[in-house]
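Hi everyone, thanks for coming. I'd like to walk you through one model today, so please take a look at the screen.

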Amino acid sequence: MLKRVIAGAVGLPILAVFVILGGVWLQVALAAIVLVGMWEFYRAFGSIRPVHFLGFAFAILHIIHLGNAYFPMGMVLIFLPVLAMIFVVARHKVMNIEDCTVTTFGFIYVALTLGSIYLLRHEGGAFEVWLIFIAAWGCDTGAYFTGKTLGKRKLAPVLSPNKTVEGSVGGTMFATLLGVVYALVLYRMGATVQNHMLLYAAITFVCSIFAQLGDLAASAIKRHKNIKDFGNIIPGHGGVLDRFDSIIFAAPAALAILTIWGGGA
């Protein structure tokens with residue numbers, strides 16, 4: 001527990017700096033997180049294969065062009081599996097279709113989703129970016145204490161035996177409350193936030209649900225591959241994917257809500 005607290009105390013200010021700076025600095029930070037996360041993902045399915053470096057290359061290309069409306073992301077999603085399959089065909093004696101599938105899905109699961117953090121910062125602002133983390137980590141905290149106190153019915157006993165339905169509901173309620181409090185704090189500080197309270201409550205409510213689904217999805221992968229953690233780079237937390245598994249689902253959800261709503265701060 002002490003390691004988790006120390007890691008959080010050190011990591012959160014660093015994350016805050018890159019989010020506040022935005023622009024190329026945030027892209028650099030995201031590139032580091034994405035590449036390490038993809039490395040952990042690929043390694044979970046065995047050793048790092050030559051075709052996986054296609055995934056790394058496309059991830060860098062994606063991060064560099066985040067926010068560029070003229071960048072043909074659709075073409076990237078087409079050509080990555082095509083090139084990966086060509087690679088597999090050329091090396092068919094030592095590679096197979098699973099290598100192609102893992103390469104492509106690793107890009108989508110890690111790079112494409114976490115790229116939403118930059119887009120949210122670019123389109124909305126630093127205020128909106130923090131809603132992702134408030135929803136994900138606030139839900140995790142609320143679910144833990146609610147589950148410990150009131151938890152009886154198992155949410156997903158095979159994937160995560162300790163999670164309960166009561167904890168899940170409590171986590172979502174706590175995250176939504178934090179979203180409202182966050183909006184009020186910004187308002188008191190004089191920040192210009194459009195439709196702040198209802199919008200922030202909606203984002204944290206939906207994102208807390210997606211965050212839990214992201215956590216369970218990561219658990220499903222780890223159960224399938226019979227591993228406890230994706231890595232050990234973060235003391236007390238495991239790997240990058242172990243810490244960002246809920247963010248992976250929450251970030252695109254937040255971006256979608258803000259886009260549908262019509263903009264943020």
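Let's start with disulfides, counted here as pairs of cysteine sulfur atoms within 2.5 Å. The count by that rule comes to 0 disulfides. Take Cys 139: it is in no disulfide, and the nearest cysteine sulfur, that of Cys 207, is 11 Å away. Cys 139 is also buried, at 2% relative accessibility. For that word, buried is under 20% relative accessible area, exposed is over 50%, and partly exposed lies in between, with a 1.4 Å probe and protein chains only. Cys 100 is buried too, with a relative accessible area of 5%.

A quick word on what you're looking at: this is a predicted model, where local features need pLDDT of at least 70, side-chain atom pairs count only at pLDDT 80 or more, and totals for chains, interfaces and linings use all residues. Residues are numbered from 1 along each chain as its sequence is written, and side-chain values use heavy atoms, with hydrogens and water left out.

Now, the helices. Helices are DSSP runs of H or I with at least four residues, strands are E runs of at least two, and both are numbered from the N terminus. How do helix H7 and helix H8 cross? The axes of H7, residues 165-188, and H8, residues 196-225, come within 8 Å and cross at roughly 150°. The axes are lines fitted to C-alpha atoms over the stretch in contact, and angles run from 0 to 180 degrees between N-to-C directions. H7 and H8 are therefore roughly antiparallel to each other, a label for angles over 145 degrees; under 35 is roughly parallel, 65 to 115 roughly perpendicular, and the rest oblique. By class, the contact of H7 with H8 has 12 nonpolar, 8 polar and no charged residues. Here Ala, Val, Leu, Ile, Met, Phe, Trp, Tyr, Cys and Pro count as nonpolar, Asp, Glu, Lys and Arg as charged, and the others, Gly among them, as polar.

Asn 226 has a positive phi of about 60° although it is not a glycine. Is Asn 226 buried or exposed? Asn 226 is exposed, with a relative accessible area of 71%.

Last stop: Thr 164, in strand E2, residues 160-164. Thr 164 is buried, at 8% relative accessible area. Leaving out residues up to four places away in sequence, Thr 164 touches several residues, including Gly 147 and Arg 153, where contact means heavy atoms within 4.5 Å.
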